Amino acid sequence: MTEPFAPFPAPEDDQGGPTDLALRPPGETPQLRADAARNRTRLLEVAARLAAERGIANVTMEDIACGAGVGKGTVFRRFGDRTGLLVELLSHYEQQLQAAFVSGPPPLGPGAPPQERLYAFGSAVIRHEHTHRDFYLEAHIEPGRRRTGPAYRFRLAHVCMLLREARVDGDTELVAHLLLGYLETVLVDHLLTARGMSLERVEAGWRDLIDRYTGRCPRCTG
């Protein structure tokens, strides 16, 4: 189950076409006409409410159409397919997370040392995706597409920036990909559910990784 969604902002001018499968970073929400924006907002609100009540796996496009009082074809035209709808829902929360690490208070936002920001980034992603695990698991069924999406690239650029600020040795981009792999929804969910680990243990593993790459791990020095 998921937490209730905050209000959905309504874009202004419809560009048409199906939704991109990749989660979007801030500023990439399509612009909609006023009537299309109202329909989109209504459909997302209904989808979020039904997901909170039943779990997203138990919500169909027809359920959303009925709840919003529209035909099922309207839902498909607006979002392309079920994955497109999930991406729209997730983009709302993804933008909140990105705003926190780009311009929020430290240590997640600017103003803290890069190692502290990396600690906070990993913990925030782990807890954010765990809170909304149903959505992220369904949206990330195709891992290859996930890694080419704008939200992943946005996270990658952020981690690369912090690694450079921390003066990490080696290929910064490859290290960033490796670190982000630790945070992938499917892996974290496996550790929490199948392996029975606590969130605190998974977060401690993230901090240990950061220590090793930033030279702060006592066991890594001679």
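**View 1. Residue T185 in helix α10 of the predicted model.** T185 lies in helix α10, which covers residues 185–194, and the structure in which it is seen here is a predicted model. With a relative accessible area of 5%, T185 falls under the 20% cut-off and therefore counts as buried. The side chain of T185 also makes a polar contact, at 2.3 Å, with the side chain of E129.

**View 2. The packing of helices α5 and α8.** The axes of α5 and α8 are 8 Å apart, and the two helices pack at an angle of about 155°. Because this angle is over 145 degrees, α5 is described as roughly antiparallel to α8. The crossing that α5 and α8 form is left-handed. On the α5 side, the contact is made by P114, R117, L118, F121, V125 and E129, while α8 contributes R155, H158, V159, M161, L162, L163 and E165. E129, which belongs to this contact, is also the residue whose side chain makes the polar contact with the side chain of T185.

**View 3. The largest nonpolar core.** The largest nonpolar core holds 32 residues, and the members that touch the most others are F121, I126, V159, L163, L179, L183 and W206. Two or more residues of this core come from each of α4 (82–103), α5 (114–131), α8 (150–165), α9 (172–182), α10 and α11 (199–214). The greatest contribution to this core is that of α5, which gives seven residues. F121, V159 and L163, listed among the core members with the most contacts to other members, also take part in the contact between α5 and α8.

View 4. When residues up to four places away in sequence are not counted, L179 touches V159, L163, W206, L209, I210 and Y213.

**View 5. The chain as a whole, as a setting for the close-ups.** The chain contains eleven helices and zero strands, so that its elements, read from the N terminus on, run α-α-α-α-α-α-α-α-α-α-α. Of the 222 residues in the chain, 49% are buried, and T185, with its relative accessible area of 5%, is one of the buried residues. Among the contacts in the chain with a separation of 6 or more, 67% are accounted for by residues 24 or more positions apart.

How values were computed
Residues are numbered from 1 along each chain as its sequence is written. This is a predicted model: local features need pLDDT of at least 70, side-chain atom pairs count only at pLDDT 80 or more; totals for chains, interfaces and linings use all residues. Side-chain values use heavy atoms; hydrogens and water are left out. Helices (H or I, at least four residues) and strands (E, at least two) are DSSP runs, numbered from the N terminus. Buried means under 20% relative accessible area, exposed over 50%, partly exposed in between (1.4 Å probe, protein chains only). A polar contact is a pair of N or O atoms within 3.5 Å; within protein, one must be able to donate a hydrogen and the other to accept it, and residues adjacent in sequence count only if both atoms are side-chain atoms. A nonpolar core is a set of buried Ala, Val, Leu, Ile, Met, Phe, Trp, Tyr and Cys residues joined through side-chain atoms within 4.5 Å. Contact means heavy atoms within 4.5 Å. Axes are lines fitted to C-alpha atoms, for helices over the stretch in contact, and angles run from 0 to 180 degrees between N-to-C directions. Angles under 35 degrees count as roughly parallel, over 145 as roughly antiparallel, 65 to 115 as roughly perpendicular and the rest as oblique. A crossing is left-handed if the near helix is turned anticlockwise from the far one by less than a right angle, and right-handed if clockwise.
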